[in-house]
Amino acid sequence: MPDADDIDALARSAARGDPAALDALLLAVRPEVLRLCARFLPSREDAEEACQDTLVALARGITRFEGRSSFRTWLHRLTANRARSTYRTLRRRWRLEAGGVPLPEQADPRRTSVVAGTRLDLLDAFDAVRPDLAEVVALRDVLGLSYPEIAALLDVPVGTVKSRLHLARRQVRQHLGAE
């Protein structure tokens with residue numbers, strides 16, 4: 001896999017409209033995107049679907065990459081948002097296929113791992129808080145971005161990131177019944 005500088009150079013070229021750079025970029029980042037999607041979603045198939053969705057969004061939106069942050073940081077934000085969106089789509093699809101039967105309140109431990117159940121609960125909690133708060137907690141706690149990376153990506157001061165993260169964690173804990 002190319003190093004971060006090579007990836008950034010490919011991203012800049014792709015953002016300027018170079019189709020060969022875009023192809024090389026998509027190929028280079030796919031393994032990382034899949035790994036990141038797997039942090040959010042409970043099954044390999046779901047992570048694969050979110051990965052494909054992310055790569056399509058990347059190809060369509062690369063011209064919006066402005067370089068305010070590293071490409072990796074921008075990619076993490078895109079991946080987090082697409083993984084959450086894929087989860088919502090899968091949840092809607094399941095509800096339709098289940099004939100309106102609501103999703104179980106808790107993941108069935110006989111049909112999913114404890115980790116998968118935890119991820120589903122976390123994704124539901126993300127949907128219960130404001131999108132700007134869910135995004136900050138996903139970038140920090142799920143994907144492991146630093147405060148300065150998140151601040152640069154969102155174009156807000158580090159203090160704003162910290163306050164949003166504090167509020168988001170409190171709301172997520174409340175939704176998960178941890179308080």
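Is F71 buried or exposed? F71 is buried, at 1% relative accessibility; buried means under 20% relative accessible area, exposed over 50% and partly exposed in between, with a 1.4 Å probe and protein chains only. This is a predicted model, where local features need pLDDT of at least 70, side-chain atom pairs count only at pLDDT 80 or more, and totals for chains, interfaces and linings use all residues. Residues are numbered from 1 along each chain as its sequence is written, and side-chain values use heavy atoms, with hydrogens and water left out.

**Core**
- The largest nonpolar core has 54 residues; such a core is a set of buried Ala, Val, Leu, Ile, Met, Phe, Trp, Tyr and Cys residues joined through side-chain atoms within 4.5 Å.
- Residues with the most contacts inside this core include F71, L25 and V29.
- Helix 2 gives the largest share, 11 residues; helices are DSSP runs of H or I, at least four residues, numbered from the N terminus.

**Around F71**
- Leaving out residues up to four places away in sequence, F71 touches I7, D8, A11, L25, V29, L58, I62 and F65; contact means heavy atoms within 4.5 Å.

**Aromatic pairs**
- The whole structure holds three aromatic pairs; rings of Phe, Tyr and Trp (its six-membered ring) pair if their centres lie within 6.5 Å, with planes under 30 degrees apart stacked, over 60 edge-to-face and the rest tilted.
- F65 and F71 have ring centres 5.5 Å apart and planes at 90°, so they pair edge-to-face.
- F71 and W74 are tilted, because their planes lie at 35°, with centres 5.7 Å apart.
- Ring pairs link F65, F71 and W74 into a cluster.

Terms used
Helix = DSSP H or I, 4+ residues; strand = E, 2+ residues; numbered from the N terminus.
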